[in-house]
Amino acid sequence: MSRYFTDEHEWIDVEGEIATVGITDYAQEQLGDIVFVELPAEGTTFEKGDDAAVVESVKAASDVYAPISGEVVETNGALEDEPALVNSDAEEDGWFFKLRVTDASELEGLMNEAAYKKFVASL
Amino acid sequence: MSGNDDIAHIEEELPLQDLPLDTWHRARGARMVGFAGYHMPIQYEGIMAEHGWVREHAGLFDVSHMGQLTFSGDGVDEALEYLLPSDIKGLKPFRQRYSMLLDEEGGILDDLMVSRLGAGAFDGADIYMVVNGATKYDDIGWMIEHLPDEVVMNHMDEQALLALQGPEAGEALASLIPETGDLVFMQSGLFTWRGVPLWISRSGYTGEDGFEISVPADSAALLADALCTLPQVKPIGLGARDSLRLEAGLPLYGHDLTPAVSTIGADLGFAIQKRRREEGGFIGHARVMKELADGPGSKRVGLKIEGRLPVREGAPIFADGIRVGEVTSGGFAPTVGAPIAMGWVSLPHSAIDTALEIEVRGKRVAATVAPMPFVPHRYRRKA
């Protein structure tokens, strides 16, 4: 399994043709207390860069973009009852949705963990 | 583009200023944001935790961005009664009132606190006023225009303003200054702490008991340190200040109150005492009287939101598919444990329990007009 990162602070785990997407620990820290996550419906298809989800913190709503193109095959139902999972475990149990990847070549431009850490340090 | 627009544009481009406690906030790990022209702390450990702390203990807020003004001179009461719809002549020394500045059409230019000074505070001035930070320079300009020459207004930009709020605020402040224990809601006094003069009122904007403390800027960090050393007190950011005041049903200027809305519609008629309504003689009186007789076109209301999806400022409100208003403040309410909002709706849809719908990202969320405050006030009133 490989993990990729975007400059929009999303992480993507790719296993076969399925990509699990979430927001990074840095992103949840910036957003603050998360009180609601609006997830896409299963079966929705996204082009890379489409609005895919919305994270509501106490203060504001933030869009989450589809980091790669694909079809939503599963969403994290646990976030419905416990949106704060994104704060407590952003990069594991706080995942958002799983995509069936339509164009694996889109992963090529993304960062690995070391590059993302460097990117965050530069902000 | 008019000249005024040019000035507004230039003001927006000005770099953010630092307040007296800037270094103090940063040293305590605050996340700073631009607000009202200043760098201000939005949060320290997190809005939910800070909000909860204030409801259970006591929180220290830096509100030094707000404008602190004094007024003195012959005819100061008469002059202020022309500017403000509230009873100033009947305001006793050490007492405070909520009031507002109205324009000729009765639109709200700002909301504010006004007190009569005493004990020689602020060089023996007569009246003390606290106005909003984002509007203070406009307020000052407006008041200069409408005050007679005999009345002297002083903008005290060398004073910091701290708010200590929460059920343990009383015991916390009394441990530094025992005499503050006698103050009741909307009462003020001049106190001395380590040789520093402090003008303290028992008031605030969270719905909790608490104080607002005007302190010379060069002593602000010393006082903030002394307060935050107490076990009851933690520093609290602007984020929690906003969620606390929303739960308390208190309007925020620039959002819930603007020049486009009126006092009666805003449900702030309590700030206009009987004598002032009858006698008039203040800017905006005609609108107040007309709306008292005929009702306002729209009203500020509380909104209970079904489900967990927060509704935000700007979201349109519908009744039976027809647009009847707009959300002016909204978010997740930590103490309520659900999203709540404040908004303006047309009069026929403003009664408590009216079922409405609010549009969020193309979806309609069910909402109900709800009484405010959402969380009961716990002010310390006279026994």
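Modeller: Residues 18–100 of chain A have their end C-alpha atoms 5 Å apart, and the span is 18% helix and 42% strand. UniProt, in an unreviewed entry, lists these residues under "domain: Lipoyl-binding". The model is predicted, and the predictor gives the complex an ipTM of 0.86 and a pTM of 0.93.

Chain A meets chain B through a contact that takes 10 residues from chain A and 13 residues from chain B. On the chain A side, strand 4 (34–38) and strand 6 (51–57) are the elements that give two or more residues. Strand 4 of chain A gives the most, with three residues. By class, the side of chain A that touches chain B divides into five nonpolar, one polar and four charged residues.

The domain assignment of chain B gives domain 1 (3–66 + 158–247) and domain 2 (297–383). Taken over C-alpha atoms, the centres of domain 1 and domain 2 of chain B are separated by 28 Å. In the contact between them, 15 residues of domain 1 of chain B meet 17 residues of domain 2 of chain B. Helix 3 (47–56) and helix 9 (238–247) of chain B each supply at least two residues of the domain 1 side. The largest share of that side, four residues, comes from helix 3 of chain B. The side of domain 1 of chain B that touches domain 2 of chain B has five nonpolar, five polar and five charged residues.

The largest nonpolar core has 128 residues. The members that touch the most others are B:Phe71, B:Ile127, B:Met129, B:Leu162, B:Leu164 and B:Ile358. This core lies between domain 1 (3–66 + 158–247) and domain 2 (297–383) of chain B, because both give residues to it. In soluble globular proteins, nonpolar side chains tend to be buried together.

Leaving aside neighbours within four places in sequence, B:Leu162 is in contact with B:Leu60, B:Phe61 and B:Asp62, among others. The contacts of B:Leu162 also include B:Ile213, B:Val215, B:Ala220, B:Leu223 and B:Ala224.

How values were computed: Residues are numbered from 1 along each chain as its sequence is written. Chains are lettered from A and ligands numbered from 1 in the order in which they are written. This is a predicted model: local features need pLDDT of at least 70, side-chain atom pairs count only at pLDDT 80 or more; totals for chains, interfaces and linings use all residues. Domain bounds come from an automatic or database domain assignment. Two residues are in contact if their C-beta atoms, placed from the backbone, lie within 7 Å. Ala, Val, Leu, Ile, Met, Phe, Trp, Tyr, Cys and Pro count as nonpolar, Asp, Glu, Lys and Arg as charged, and the others, Gly among them, as polar. UniProt positions are given in the numbering used here, feature names are shortened, and annotations may be inferred rather than shown by experiment. A nonpolar core is a set of buried Ala, Val, Leu, Ile, Met, Phe, Trp, Tyr and Cys residues joined through C-beta atoms within 7 Å. A residue is buried if 20 or more other C-beta atoms lie within 10 Å of its own, exposed if 12 or fewer, and partly exposed in between; C-beta atoms are placed from the backbone.
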